[in-house]
Every structure is written in structure tokens, then in C-alpha cells.
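Here's a quick briefing for anyone meeting this chain for the first time. Take a look at the structure, then read on.

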Amino acid sequence: MRVVGGWPFRGDLSMGMCLPCLGGPGNDLSTSPDRETRRRELAEAAEKRQKETTYRGVKNPQAVERNKKNKEMEKQEMRPSPPGGEGGGGLKWQVG
């Protein structure tokens, strides 16, 4: 190996030929995982980011979830059930 312009130079490689996609050896580059593994890793990372942004600034996320659930239950209890069973709407047609 010789030094050309302050940079180490291997005579067998021309500029840009160090990558396998350009026709060079590129033996020292790591191989990427298969598509399914990569997809799973990306999905896990996205889930983690979403959780982090959802609970940003919240000290106790479990308490927030419990409060949400309790409020939803209270809303359901406050709703009046329709008279005459489900879907009745309280209106009846009279023909006559």
C-alpha cells in the first residue's frame, strides 16, 4: 500500500470500486438480515417510538390508562338505555 496525496492507496482499486454494488470486493461489509427479520425489527422500533411519544411527560402511564378506562365506564353507565329493548329508539309507528 502506498500513500497518494496523504491517503492510503491500494493499486487494485480505482475510485468507488470498494463497494460490491460497484463491482469491487467489499468483503469487509456486513450483510443485512433477511427481509422478514428486518420488517419485524422495524415494526418493533415503530411501536416503541409510538409508546414513547404517547406517554411523553407522564410519570405513571398505567394510572393514565386506568383513568381512561374508568371514564369510559362512567360514560357507558350514564347513557340511558333505550326503552323497549335495543334499537327501539322510543318511537312507534301508528297506522290508523
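Is Glu36 buried or exposed? Glu36 is exposed, with a relative accessible area of 53% (buried means under 20%, exposed over 50%, and partly exposed in between, using a 1.4 Å probe and protein chains only). Keep in mind that this is a predicted model, where local features need pLDDT of at least 70, side-chain atom pairs count only at pLDDT 80 or more, and totals for chains, interfaces and linings use all residues. Residues are numbered from 1 along each chain as its sequence is written, and side-chain values use heavy atoms, with hydrogens and water left out.

**Confidence**
- The chain averages a pLDDT of 75, and 58% of the residues score at least 70 (pLDDT is the predictor's confidence in each residue, from 0 to 100).
- Helix H1 (residues 35-54) has the highest mean pLDDT among the elements, at 92, while strand E1 (residues 2-4) has the lowest, at 60.

**Layout**
- You'll find two helices and two strands here (DSSP runs numbered from the N terminus: helices are H or I with at least four residues, strands are E with at least two).
- Along the sequence, the pattern goes β-β-α-α.

**Surface**

**Salt bridge**
- The structure holds one salt bridge (a side-chain nitrogen of Lys or Arg within 4 Å of a carboxyl oxygen of Asp or Glu).
- Arg39 and Glu36 form it through their side chains, at 3.4 Å from N to O.
- Both residues, Arg39 and Glu36, sit in helix H1, three residues apart, or about one turn of the helix.
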